[in-house]
Amino acid sequence: MSTLVTYFSAEGTTAKLAKEYAEKIGADLFEIVPEVPYSAADIRWINPLARCNKEQLSKKDVPVKGKIESFDQYDTVYIGFPIWYGAAPRVVYSFCKDYNWSGKTIHAFATSGGSGIGKTADKLSEYVSGATSVDAKLVHSASEI
């Protein structure tokens with residue numbers, strides 16, 4: 001079995017850490033990319049009408065571009081993302097719904113400019129049904145993952 005590092009990055013911070021960590025541990029890497037890319041205005045959370053806010057509040061799926069082939073080969077999966085409202089962005093949940101998580105160990109890592117990790121692990125658990133364990137932590141460097 002092997003390890004996979006997946007990530008969604010809105011501004012490049014999470015991407016940098018995910019790539020660095022995947023290289024460090026020799027894991028495969030997959031970027032979670034929304035079918036409709038986010039613009040700077042879309043992620044401007046201080047605007048209540050910004051796309052990121054609408055998605056988080058509506059809890060609707062955000063279609064993901066691409067798919068991981070042979071997902072069953074991974075027993076450990078790291079999922080990285082910026083923390084939005086104490087949770088993963090909706091595109092991460094949409095990504096998770098497309099796979100069978102049975103028997104997998106999930107380690108979520110979040111980047112943030114000021115928000116805490118909240119109940120991210122609990123919220124993510126709903127979307128990775130069958131996983132043997134799910135944990136989540138806020139990180140500022142790849143060495144903290």
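Reader: In which helix do Arg 51 and Glu 55 lie, and how many residues apart are they?

Author: This is a predicted model, in which local features need pLDDT of at least 70 and side-chain atom pairs count only at pLDDT 80 or more, while totals for chains, interfaces and linings use all residues. Residues are numbered from 1 along each chain as its sequence is written, and side-chain values use heavy atoms, without hydrogens and water. Helices (H or I, at least four residues) and strands (E, at least two) are DSSP runs numbered from the N terminus. Arg 51 and Glu 55 both belong to helix H2 (residues 51-58), 4 residues apart, about one turn of the helix.

Reader: How many salt bridges does the structure hold?

Author: A salt bridge is a side-chain nitrogen of Lys or Arg within 4 Å of a carboxyl oxygen of Asp or Glu. The structure holds 2. One joins Arg 51 and Glu 55, at 2.7 Å from N to O. The other joins Asp 61 and Lys 97, with the closest N and O atoms 3.0 Å apart. This pair links distant parts of the chain, 36 residues apart: Asp 61 is in the loop between H2 and strand S4 (64-65), Lys 97 in helix H3 (residues 90-97).

Reader: Is Arg 51 buried or exposed?

Author: Buried means under 20% relative accessible area, exposed over 50%, partly exposed in between (1.4 Å probe, protein chains only). Arg 51 is buried at 17%, and Glu 55 is buried at 11%. Asp 61 is partly exposed at 44%, as is Lys 97 at 46%.
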